[in-house]
Structure formats: C-alpha cells, structure tokens
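Here is a plain walk through the model, chain by chain and then across the contact between chains. Have the structure open while you read.

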Amino acid sequence: MTPDQIVFLIVALVTLGAGFMVVTTRNLVHAALWLVATLFGVAITYALLNASFLAVVQVVVYIGAIAILFIFAVMLTRKDMRDQGAQLNKNWWFGALLSISTFAGLFFILQGWSGFSKTATAYPSGFDAISELGNELVSPAGYVLPFEVASVLLVAALVGAVYVAFNPRNGDNHK
Amino acid sequence: MSFWNDPLKVAADWLMGIFTGWGMPELAANILIGFLGVLILISILMVLDIFLVWVERKVVSRFQDRIGPNRVGPFGLIQPFADIIKLLIKEDTTPGGADRVVYNLAPMLSMMSVLILWAVVPIAPTILGVDINIGVLYIVAAGAIGTLSIIMAGWSSNNKFATIGAFRQVAVMISFEIPMLAMMLIPTILAGSMGTSQIIEQQSVWYFFLSPLGALVFLIAAIAELGRAPFDMAEGESELVSGYNIEYSGMKFGMFYAGELLHAFTFGGFWSIMFFGGYRFFGLEQVSPFLAIAILVFKAFLGYWLIMWVRYTLLRIRIDHMLAFNWKFLTPLAFTLIIVTAFMNALLSGTSTWLYISGMFLSNVLIAWIALEIARSYSRKEREKIQGPKPVVEAAHH
C-alpha cells in the first residue's frame, strides 16, 4: 500500500465512525461535535483528492457556519441535552432498506467503472486549479447558469430570513 | 548556496544526508524532516508567546501610566517564566457536571487554531510552511476552528456565565468574519492570487496605498475576531465575570490566554502581509532571509502594538450596537469596497502606475467619505428621535 492509501483508509474509517456516532449518541451537543469530526474527515478526503479549494470551503462553510448554527440551535431550544425518547421509530426498516439499496446500487454501478484502477494524472506545471474553477463558474460555456441560480436562491433565503425576523408591530426593533 | 542565503533548504538537505546515511528510506526521511520543521516552528512560536505576555503587560502598563512587571530579571523579562511555573503548579480543577472530554479538548483546539495559521505565513522569501494557492481562505478556516473551541469551552463548563459569554463571543465572531473575509479578498483581487506568498510578491506598492479603507476595515474586523476591546464581549467582567473561560484553571486557562496573545500577534502579521508588503522593505529582504524575518517580525509587532493601543484606549461597546455596526455599516461598506476595487482595478490596470495608485486611493477616500456621511445622517436621525429636533432657533433669539 502506498502512503496515500494508508492515509485515505484511516481518514475514511474515522469519518465513518464519527458519522455513526452522530446518529447513535444520546447527547445532542455531542452529536453536533461528532458531525464536526465527520465533516472534517470529508474535508481531508477533498484535500487527498487535490481539491484544496473544496477542502477549505468545506471547513469554512460546514464547520465554521453550519455546525456552529446546529450547536446554537440545540443549546437555545433544549433545556436537557439528553435525548430520552426511543432512537428508532416504526419506519426504521424502510430507512434501512432505502440506505442498503442505495449503497448496493452505487456499489454495482461503480464496480464496472474503470476509474478505480487508474491513478490520477498529475497537474501540468503552472496549472492553477483555482483560476480554472473560477473561470468555469462565470463562463457562459461553463457553469454560469447554475452559479447564478444558486446565487438567486441564496438571496431569496436571505430576504426570507429578514422577513421572518422582522417584527412589524414593533416598528423598527432596535431599542 | 550557503546557509545564510537559504537556511531552510540547506538544513533540510543536511538532515536528509544524515537520515539516508542511517539507511532510512527517502520517503520516511522526508516525513521526519517535515515533522521536525513543524516542531521547530511551533517551539519558536511558543517561546515567542511567553515573551508576548511580557510585551502585553509592559505595553498596557505604559498606556495606564504604570511601570508594569519590573521585579524579576532585567525589565521584568523573567516574569512570564515565573508566571508559567505558577500556572503549571496550580491545582487543575474541573467543575462538577462538566463534560470532561469536551472541556479538556477546548483549550487545545483554541491553541491549535492559532498555531496552524503559521503554516501559510511566509516568514521570508524562501522560508514558508506550505505555499498553497488558497492561503486567504485557509486563514478563515482556521478561525472557524477557533470559534468552535470557544463554544465548546462555554458549553462544557456547565456554567451559565461561561455559556452566555460563549454565545456572545461566537455571535460577534461569526458576524465579523464576513467583513474580514471580504477585506481579505481585496489583496486577492489586486494580486490576482489567494496565496499569501504571491500576495507579498505582487506588492511592489503596498496595498495600504491602494486600499487604505480596506486595511482599516480589516483591522476593525480582526480586532472583533480576536475578541479584544472594544469588542471583548465574552469578557464583560462586570456582567459575565470572565466569559467562556471562567471555569478553567492553571495551564488550561494559560492556553486560552496564550492563544489569544499569539492570535493578536499573528493578525498583526497578517495585516502586514496583506497591506504592508510582509517581509518586503525596499529590497532589504533580498539581502538575507534573516533580515526578511526581522522585517516581518517588526511589522507584525507594529500591527500588534496598534491592536493593543486600540484595546487599552477604547471602552467596550454594547453588544446590540456592535452587531448593528457590523451588519448595517461594516458589511455593506466591505461589499461596496470590493465591487469598486474590482471595477477600478479592471479599469485602470492598463494605465500608468501613478494614475493607477491615485485612482485606487481616491476611490477609497470617496467611499469612506460617503459612508461617513450616511452614518452621520443616520445618527442625527436617531438622536432627534430621542432628544427631539436640534434647537436651531435658539441662536436667532440672541
């Protein structure tokens, strides 16, 4: 095994283990912290794939914003951090069936894929992956439409959040 | 190539010769040398950190018209070492009902989030941890881990004051992250790269002259991100005792404290890298890498001193004012500044250097003036709402 493979296996195991802990631990803040570990493992996987931009954005967005918001929400809405109810409801067999069939489907599709045995070609010298990504995101031949649609969606979410938070009875609510 | 021109490479080659001479495979030797490099850098930083305690205490005493530590050693220089011995032999307490693992993990993460920043700091032209092309984003990602450590500390302490302190501090940090990231995009636009070493290499003119407003907004956002006065929400002593780190004792508290000091120094360094040319100073950095290190450290200390000056001069702002200041003033200003900077950069990039510099500078001054006018009219309106209209007619009677 090459060092890359060893690192990948360790990271993948830690990511999976942390992901398992997210859904099994009883303490909600602990679940959120295990989620942070899972997301960090995904970021390392991106870094192993030479996608440094995605790796760092993963940490900034998911750990820096989303996980922190999760913890905030849990801490502000729950008096008792321990989840007392049953961990499975009566639909558990349907969820298990769905996840197993998804995994099996992906497994069978990817088994025939030739990409597994290939090693990735190295970037040619002077190749700047980030400027390539940036150009692709705004070029009409590339992904400008999805990019703009995502931007409009985010603006709509922002306006919606302001609308929900604004209290018209209070007038301007800075006192 | 001698040791004085490229110390890092010479040392690495020398170690490589030794390790492979022992029959170690080249890959293992490379990993070991990288590990040693990290170890040496962190050791130097931690020793510097001890020294920073002394610097901070001496400077604050000057601002408050005191003498500061002066008993142990010359100028009280040995004082921080005595403090460390005190911290180490203090009782290590854990509050009842604390979440032990999270409680002990938080100070480590806090220190780590500062130390990993130094991976992308170009200390000299040839001395750099990793030259990644996303250095600017990496800084923000490291800050995210710092935010996480604060909320972990606040929650796991099982103390109301700690939790409220953590809430307030994290609210400030995730809000001021936005203008800070936006202002880090200005050197990115001007240099055409997010890598810290390229940003320095492109700075034949300090970006401070191209974007003085950007440098100012970055400094304000960085001070808030550091949680220092006037933004030291977490430490409102009169209301929160000491904030998120109230339950920590001994060296665990020391980790938070040392992390905060090193963070401030590091942001002084980043300020100088982004807007003041980093290790560059009229070609002096080409003479010797050691001179370049001295220049960077000097500039970082200047930035650190400025942060301390602000901290010990201004009073704490109320939290709603602080958040309103960020969301209603600083963030729109930052985004306007990015748009204008990108536009002016594209418009003037083909012209002569002097036109480029003056155009960039004047556009910044114009934006600052407009922003201040808007803020002034807003504050006048607010004041009138409370006090009633200004008595203008009074002058006519006399």
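## Chain A: burial and overall form

Of the 175 residues in chain A, 13% are buried (20 or more other C-beta atoms within 10 Å of the residue's own; exposed is 12 or fewer, partly exposed is in between, and C-beta atoms are placed from the backbone). This is a predicted model, so to speak of local features we need pLDDT of at least 70, and side-chain atom pairs count only at pLDDT 80 or more, while totals for chains, interfaces and linings use all residues. Residues are numbered from 1 along each chain as its sequence is written, and chains are lettered from A and ligands numbered from 1 in the order in which they are written.

Chain A has six helices and zero strands (DSSP runs numbered from the N terminus: H or I of at least four residues for helices, E of at least two for strands). Its radius of gyration is 21 Å, whereas a compact globule of 175 residues would come out near 16 Å (taken over C-alpha atoms; the globule rule is 2.2 Å times the number of residues to the power 0.38). Along the principal axes, the C-alpha atoms fill a box of roughly 60 × 45 × 30 Å. For contacts with a separation of 6 or more, 51% in chain A link residues 24 or more positions apart (a contact means C-beta atoms, placed from the backbone, within 7 Å).

Helix α3 of chain A covers residues 52–77 and reaches 36 Å from its first C-alpha to its last, close to the expected 38 Å (1.5 Å times one less than the number of residues). It carries a kink of about 25 degrees centred on A:Tyr62 (the angle between axes fitted to the seven residues ending there and the seven starting there). A:Tyr62 is also one of the buried residues of α3(A), which include A:Val59, A:Ile63 and A:Ala67. The buried residues of this helix pack against α2 of chain A together with α5 and α6 of chain B.

Over in helix α1 of chain A sits A:Val23. A:Val23 counts as exposed because it has 10 C-beta neighbours inside 10 Å. A:Trp34 is eleven residues away from A:Val23 in sequence, and their C-alpha atoms are 9.2 Å apart.

Chain B comes to 15 helices and two strands. Buried residues make up 38% of chain B, and 76% of its contacts with a separation of 6 or more join residues 24 or more positions apart.

The largest nonpolar core has 108 residues, and B:Phe218 and B:Ala221 touch the most other members (a core is a set of buried Ala, Val, Leu, Ile, Met, Phe, Trp, Tyr and Cys residues joined through C-beta atoms within 7 Å). Helix α11 of chain B gives the largest share of this core, 14 residues. Beyond its neighbours within four places in sequence, B:Phe218 is in contact with residues including B:Met180, B:Trp271 and B:Met274.

## Where the chains meet

On each side, what does the contact involve? For chain B, 19 residues are in contact with 19 residues of chain A. Helix α5(B) gives the most to the chain B side, with nine residues. That side divides into 16 nonpolar, two polar and one charged (Ala, Val, Leu, Ile, Met, Phe, Trp, Tyr, Cys and Pro are nonpolar, Asp, Glu, Lys and Arg charged, and the others, Gly among them, polar).

Notes
Contact = placed C-beta atoms within 7 Å.
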